[in-house]
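I opened the file to look up helices, charged pairs and rings. My entries are kept in the order in which I made them.

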Amino acid sequence: HTINIASRLAQASLSAGDTLHFIAYSDQPVAQLYNLRGSNGIRRLHHSLSNLVQRGEESDPIKAAGIVLRRLPRRTLLVCLSDTDSPPALEKLLRALALLGRKHLPMVACLQDPQLAEIAAHPRLAGVAAWRAPAQLLAANELIAQERSARDRLSAQGAVVVSAMPERIDAAILGTYVGLRKRRAV
């Protein structure tokens, strides 16, 4: 999902005449592109995206924030496509946003889990024996509450938070991006 989202957002922003910067990171930066423009920028980004390799290390948004602060002196919309489901990862992301939010406008995109929503809406339809349904419903509602709490904390930190199901995340991010451009937020 992340690669597709990055590709679609890049296409929209470069088509609108914006300049794009791209950083993919895990524990260290794995790809960096700066000052991408137009169709050449899209080609370079697609090449970089197609060559990314998943790494097993925990991502470090604080290191990525340091790179952004050194490389991008002007106020920029920063779109972070990251998981917020683990408390340690969320804490690192919040610390990175505290650094970035002083100068830049961070947007954090969060994918909602369709299985959790299905269980919360119809616990007995999720293929679980009837006696397990209450525990499954309780766990699903707890995880949904944790996701909501993470989004609230990110918003309180000053991030624009976009949260949607996988099939709607592209439209939600692009809609938010268009709205920010119209308001000249960056």
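**Entry 1: the kind of model**

I note at the start that this is a predicted model.

**Entry 2: helix α1**

I began with α1, which has 14 residues. From its first C-alpha to its last I read 20 Å, close to the 20 Å expected at 1.5 Å a residue. I listed its buried residues as I5, A6, S7, L9, A10, S13 and L14. I then looked up what covers them, and the cover includes β1, β2, α2, β3 (77-81) and α7. Just after α1 I found G17 with a positive phi of about 90°.

**Entry 3: helix α2**

Next I took α2, residues 38-50, and checked its length. Its 13 residues should span 18 Å at 1.5 Å a residue, and the end C-alpha atoms are 19 Å apart, which agrees. The buried residues I noted in α2 are G41, I42, L45, S48 and L49. Looking down the axis of α2, I found these buried residues within an arc of 130°, so they line one face of the helix. Which exposed residues does the face turned away from the buried side of α2 carry? I found R43, H47 and S50 there. The buried residues of α2 are covered by elements including α1 (2-15), β1 (20-25) and β2 (29-36).

**Entry 4: helix α6**

I went on to α6, which has 24 residues. Its first and last C-alpha atoms are 34 Å apart, close to the 34 Å expected at 1.5 Å a residue. The residues I listed as buried in α6 are A133, Q136, A140, I144, E147, A150, R151 and L154. Among the elements that cover them I noted α4, β4 (105-111), α5 (114-121) and β5 (160-164). Just after α6, G158 takes a positive phi of about 105°.

**Entry 5: salt bridges**

I turned to charged pairs. Side chains of opposite charge can pair when their charged atoms come close. How many salt bridges does the structure hold? I found 3.

One is between D170 and R8, with the closest N and O atoms 2.1 Å apart. D170 lies in helix α7 (residues 169-182) and R8 in helix α1, so this pair ties together parts that are 162 residues apart in sequence. Is D170 buried or exposed? I read 18% relative accessibility for D170, so the residue counts as buried, the cut-off being under 20%. R8 is partly exposed, with a relative accessible area of 43%.

Another salt bridge joins D18 and R181, whose closest N and O atoms are 3.0 Å apart. This pair links distant parts of the chain, with D18 in the loop between α1 and β1 and R181 in helix α7, 163 residues apart. I looked up R181 and found 38% relative accessibility, which counts as partly exposed.

I also noted the salt bridge of E91 with R153, where the closest N and O atoms are 2.7 Å apart. E91 lies in helix α4 (residues 87-100) and R153 in helix α6 (residues 133-156), so the pair ties together parts 62 residues apart in sequence. E91 is partly exposed, with a relative accessible area of 34%. R153 also counts as partly exposed, at 37% relative accessibility.

**Entry 6: rings**

How many aromatic pairs does a search of the whole structure find? My search gave 0. I did find a charge over a ring: the charged end of R71 sits over the ring of Y34, 3.8 Å from its centre.

**Entry 7: two residues of α7**

I went back to D170, which has its place in helix α7. Leaving aside its neighbours within four places in sequence, I found D170 in contact with I5 and R8. I5 is among the buried residues of α1, and R8 is the salt-bridge partner of D170.

I then looked up G175, which also lies in helix α7. At 42% relative accessibility, G175 counts as partly exposed. Last, I took a distance from G175 to R70: they are 105 residues apart in sequence and 29 Å apart in space, C-alpha to C-alpha.

Technical notes. Residues numbered from 1 in each chain as written. Predicted model: local features only at pLDDT ≥ 70, side-chain atom pairs only at ≥ 80, totals over all residues. Heavy atoms only, no water. Helix = DSSP H or I, 4+ residues; strand = E, 2+ residues; numbered from the N terminus. Expected span 1.5 Å × (residues − 1). Buried < 20%, exposed > 50% of the residue type's maximum accessible area, 1.4 Å probe, protein only. Arc of directions from axis to C-beta. Contact = heavy atoms within 4.5 Å. Phe/Tyr/Trp six-rings, centres within 6.5 Å; stacked < 30°, edge-to-face > 60°. Lys NZ or Arg CZ within 6 Å of the ring centre and 35° of its normal. Salt bridge = Lys/Arg side-chain N within 4 Å of Asp/Glu carboxyl O.
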